[in-house]
Amino acid sequence: MLELSNLCVRYGHIRALEGVSLTLKAGEALAVAGMNGAGKSSLVRAICGLVPVREGQVRLDGQAITGRPLHRLEGVALVPEGRVLAPSLSVSETLWLGAGRVSARTLAARRDGVLARFPELAGRLTQRAGTLSGGEATMLALARGLMAAPRILILDEPSLGLSPAATARVFDTLAELRQDGIGVLIVEQNLHLALGFADRFLLLQHGRPVGEGSTAEADRSAGLEELLLGH
Ligand SMILES: Nc1ncnc2c1ncn2[C@@H]1O[C@H](COP(=O)(O)OP(=O)(O)O)[C@@H](O)[C@H]1O
Ligand SMILES: [Mg+2]
């Protein structure tokens with residue numbers, strides 16, 4: 001289980017995140033919402049040790065992991081904002097990178113498992129990541145994350161710039177992963193999709209948590225979508 005308590009991130013004098021706490025269990029999905037600049041990516045980066053945490057703690061299965069860089073965070077994988085693929089690497093090489101330091105046998109087993117889930121990548125192993133379509137590139141970023149065999153998968157706006165069909169494919173895949181017991185923390189602009197997919201939501205405004213609860217309640221609570229959308 002992933003637990004954040006009172007997390008604070010600052011960039012100089014900018015308070016990007018103030019006092020954010022959350023938990024995420026196996027097979028659960030949490031949607032993090034908020035307008036541009038609300039601190040969503042800072043939250044994701046803080047969990048993954050990609051920005052310094054000023055205050056508070058990140059725990060994984062009870063163990064403090066605050067500030068530990070992603071490549072040393074066993075069990076956590078990130079699909080970063082904008083996908084962040086190396087354009088000149090092939091699909092196959094990108095997948096290897098996602099696995100980290102594992103034996104050749106583990107690598108092969110994971111690769112087979114991941115490619116079974118993403119047939120569109122299986123036929124493109126030698127294609128350079130930079131020549132993939134937006135949807136394929138997102139699938140590769142997701143597949144690269146899964147090569148780490150995560151228990152917690154974190155995604156920062158995976159649907160940005162994707163067609164509705166490609167977006168639906170992302171969410172279908174995430175639903176399957178949840179069924180396999182993976183906890184999913186997703187930052188998503190498309191609230192309709194995010195609230196439809198996740199069990200719980202966390203709303204950030206100017207770096208502060210201003211709302212949280214179950215997405216079922218959110219559906220019933222009149223006006224919440226407007227609040228989430230910033231109207
Ligand atoms: N590297 C950085 N240096 C300075 N300020 C930053 C940096 N990254 C983000 N910020 C600022 O922190 C705030 C939160 O940004 P971010 O976490 O990217 O928000 P979101 O992902 O919700 O759009 C914004 O005001 C943004 O301008
Ligand atoms: Mg962001």
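**Ligands, strands and sheet**

Me: Which element gives the most residues to the shell around ligand 1?
Reply: This is a predicted model: local features need pLDDT of at least 70, side-chain atom pairs count only at pLDDT 80 or more, and totals for chains, interfaces and linings use all residues. Residues are numbered from 1 along each chain as its sequence is written, chains are lettered from A and ligands numbered from 1 in the order in which they are written, and side-chain values use heavy atoms, without hydrogens and water. Helices (H or I, at least four residues) and strands (E, at least two) are DSSP runs, numbered from the N terminus. With 4 residues, the element that gives the most to the shell is α1.

Me: How many residues of the shell around ligand 1 are charged?
Reply: A residue belongs to the shell if one of its heavy atoms lies within 4 Å of the ligand. Among the shell residues are Tyr11, Met35, Lys40 and Arg45. Ala, Val, Leu, Ile, Met, Phe, Trp, Tyr, Cys and Pro count as nonpolar, Asp, Glu, Lys and Arg as charged, and the others, Gly among them, as polar. The shell has 5 nonpolar residues, 5 polar ones, and a charged count of 2.

Me: How far is an oxygen atom of ligand 1 from an N or O atom in the side chain of Ser42?
Reply: A polar contact with the ligand is a pair of N or O atoms within 3.5 Å. An oxygen atom of ligand 1 is 2.9 Å from a polar backbone atom of Ser41, and for Ala38 the backbone distance is 3.1 Å. For the side chain of Ser42 the distance is 2.6 Å.

Me: What share of the area that ligand 1 exposes when taken alone does the protein bury?
Reply: Accessible areas come from the Shrake-Rupley method with a 1.4 Å probe. Taken alone, ligand 1 exposes 560 Å². The protein buries 62%.

Me: Is Glu81 buried or partly exposed?
Reply: Buried means under 20% relative accessible area, exposed over 50%, and partly exposed in between (1.4 Å probe, protein chains only). Ser41 has 12% and is buried. Ser42, at 6%, also counts as buried. Glu81 has 35%, so Glu81 is partly exposed.

Me: Which residue of β9 is the bridge partner of Ala33?
Reply: In strand β3 (residues 29-33), 5 of 5 residues are buried. Two strands pair if DSSP finds at least two bridges between them. β3 and β9 run parallel and are joined by 4 bridges. In β9, the partner of Ala33 is Leu203.

Me: Which strands are the edges of the open sheet of 4 strands?
Reply: The strand order is β2-β1-β4-β5, with antiparallel pairing. Strand β4 (residues 55-60) meets β5 over 2 bridges. An edge strand pairs on one side only, and the edges are β2 and β5.

Notes. A polar contact is a pair of N or O atoms within 3.5 Å; within protein, one must be able to donate a hydrogen and the other to accept it, and residues adjacent in sequence count only if both atoms are side-chain atoms.
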